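Trainee: I would like to learn how to read strands and helices in a structure. Where should I start?

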Amino acid sequence: MSQVDYIASLRGQEILIETLQKDICRETAWLFKEQRKEIGMTQTELGRHIGIPQSNITRFESGKYNPTLEFLVKVAAAMGKKVKISLEDQETERNQAMDRGLGERFAFRDINMEETAQAIDIEQICFPPHEACSPKSMTERIAAAPELFLVAVDKETGEIAGFLNGVATDEPAFRDEFFTDITLHKPDGKNVMLLGLDVLPEYRGQGLAREIVKEYMKRQKKQGRHLAVLTCLDEKVEMYKKMGLVDNGIANSAWGGEQWHEMSYTING
């Protein structure tokens, strides 16, 4: 066993030090490359600033070079930044890496009218008949509030993999009428009532639901919304808590003959 093959035990998981080093190198290279592109600096210009050939920058950004701290400090300074080191738990690190991968696999955008039938089919797949929104309600919602109907499209197939949709209102609490009465939608409303987070079975377990919620809240923040509210069954409460929502207790909802929790997300406090 070579020196780089030492095994570290982290929370009961045995991980090769060499594997960890490679992961950190790739993530660091990606971060610096994105920063360089964001400020509009070429590899040649960056190399000139720190006195090294452009080929060395290419090697670093490809993840094939294990940089020293001195090198990272120089590169960061040349881009007007400074290096800060933080320690994060493994779950946070995995989520961040997963988010980057999802951004490459999926396009997040408002739904198109011609995708209405596809959205209706997905709703029927994701929810049992007594919980699913009707085709009529889905059609009306897409027509009236497409800007509140965010879809995640698989870039490879061009098909919708999942979505999150809702309507805007000034009301602070959820009621079942939001599912069926589209006239309650107020385009300039300060709050959003979320009416369905749907992810097709074959795309589950990959962090897509979390990424859809994250992207949705980011968009609503730009729109100046204050609060997002949804209802969920008891077994989904912990999942939504991990996405940043707060459990407000049992909801004023009897949708589908079930007992629901009302959960909320503060978009702009």
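Mentor: Start with pairing: two strands pair if DSSP finds at least two bridges between them. Helices (H or I, at least four residues) and strands (E, at least two) are DSSP runs, numbered from the N terminus. This is a predicted model, where local features need pLDDT of at least 70, side-chain atom pairs count only at pLDDT 80 or more, and totals for chains, interfaces and linings use all residues. Residues are numbered from 1 along each chain as its sequence is written, and side-chain values use heavy atoms, with hydrogens and water left out.

Trainee: How many residues lie between E4 and E5 in their hairpin?

Mentor: The hairpin has 5 residues between E4 and E5, and Gly158 in the turn has a positive phi of about 80°. Strand E4 (residues 149-154) pairs with E5 in the antiparallel sense over 5 bridges. Leu150 has Leu164 in E5 as its bridge partner.

Trainee: In which sense do E5 and E6 pair?

Mentor: Antiparallel, over 8 bridges, with strand E6 covering residues 191-199. Asn165 stands opposite Gly196 in E6.

Trainee: How many residues of E5 are buried?

Mentor: Buried means under 20% relative accessible area, exposed over 50%, partly exposed in between (1.4 Å probe, protein chains only). In strand E5 (residues 160-169), 10 of 10 residues are buried.

Trainee: At what angle do the axes of H2 and H3 cross?

Mentor: Axes are lines fitted to C-alpha atoms, for helices over the stretch in contact, and angles run from 0 to 180 degrees between N-to-C directions. Helix H2 (residues 43-50) and helix H3 (residues 54-61) have axes that come within 8 Å and cross at roughly 110°.
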